[in-house]
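Visitor: I have a model on the screen and some time to look around. Could you walk me through it?

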Amino acid sequence: QVQLVESGGGLVQAGGSLRLSCTASGHTFLTRTVGWFRQAPGKEREFVAAMTWNGATTLYADSMKGRFTIFREDAPNTVYLQMNSLKPDDTAVYYCAAETRYPMTTPDYWGQGTQVTVSS
């Protein structure tokens, strides 16, 4: 099994930035792709961004390109989502997800989610 823990959500004004982090533990070797989804109130969960663990490939939803960046740094098994120029429409619960395949289509593992609220 793989456990995913998100952090970094919060309240920010429109135009501001937030950085979310997702740390994976357990049998992470089972997964090839890690990424983010979000779900706004009353809406379907939607794909945000994903990357292969080795960082060779990244994928973004069209509406997030240029504003959001998924990346890794030195922390082991940790992926970040840098969100800039945030809009009220970005308000949602953001979920980290991991999948054994690439590209990310049907994640096998999910985190509990972290709330992001963007005020106007």
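This is a predicted model: local features need pLDDT of at least 70, side-chain atom pairs count only at pLDDT 80 or more; totals for chains, interfaces and linings use all residues.

Visitor: Thanks! How are the rings of Phe71 and Tyr80 arranged?

Guide: Rings of Phe, Tyr and Trp (its six-membered ring) pair if their centres lie within 6.5 Å; planes under 30 degrees apart count as stacked, over 60 as edge-to-face and the rest as tilted. The whole structure holds four aromatic pairs by this search. For Phe71 and Tyr80 the centres are 5.3 Å apart and the planes meet at 25 degrees, so the pair is stacked.

Visitor: And how do Tyr95 and Trp110 meet?

Guide: Helices (H or I, at least four residues) and strands (E, at least two) are DSSP runs, numbered from the N terminus. Tyr95 belongs to strand β9 (residues 92-99) and Trp110 to strand β10 (residues 109-110), so this pair, 15 residues apart, links distant parts of the chain. Their ring centres are 6.3 Å apart with planes at 90 degrees, so the pair is edge-to-face.

Visitor: Which residue lies over the face of Trp110?

Guide: A charge sits over a ring if NZ of Lys or CZ of Arg is within 6 Å of the ring centre and within 35 degrees of the ring normal. Trp110 is partly exposed, at 34% relative accessible area, and ring pairs link Trp110 with Phe37, Phe47 and Tyr95 into a cluster. Over the face of Trp110, at 4.5 Å from the ring centre, lies Arg45.

Visitor: What is the strand order of the open sheet of four strands?

Guide: Two strands pair if DSSP finds at least two bridges between them. The edge strands, each pairing on one side only, are β1 (2-7) and β7 (68-71). Within the sheet, β3 (residues 18-26) and β8 (residues 78-83) pair over six bridges. The pairing is antiparallel, and the order is β1-β3-β8-β7.

Visitor: Which residue in β8 stands opposite Arg19?

Guide: Arg19 also lies over the face of Tyr80, at 5.9 Å from the ring centre. Its opposite number in β8 is Gln82.

Visitor: How many residues of β9 are buried?

Guide: β9 runs antiparallel to strand β4 (residues 33-39), joined by seven bridges, and Trp36 stands opposite Cys96 of β9. Three bridges join β9 to β11, also antiparallel, with Val93 and Gln115 as bridge partners. β9 is mostly covered, and the count of buried residues is seven of its eight.

Visitor: Last one: which backbone nitrogen lies 3.2 Å from a polar atom of the side chain of Thr114?

Guide: Thr114 is in strand β11 (residues 114-119) and counts as buried at 12% relative accessibility. A polar contact is a pair of N or O atoms within 3.5 Å; within protein, one must be able to donate a hydrogen and the other to accept it, and residues adjacent in sequence count only if both atoms are side-chain atoms. The backbone nitrogen at 3.2 Å is that of Gly9.

Key: Residues are numbered from 1 along each chain as its sequence is written. Side-chain values use heavy atoms; hydrogens and water are left out. Buried means under 20% relative accessible area, exposed over 50%, partly exposed in between (1.4 Å probe, protein chains only).
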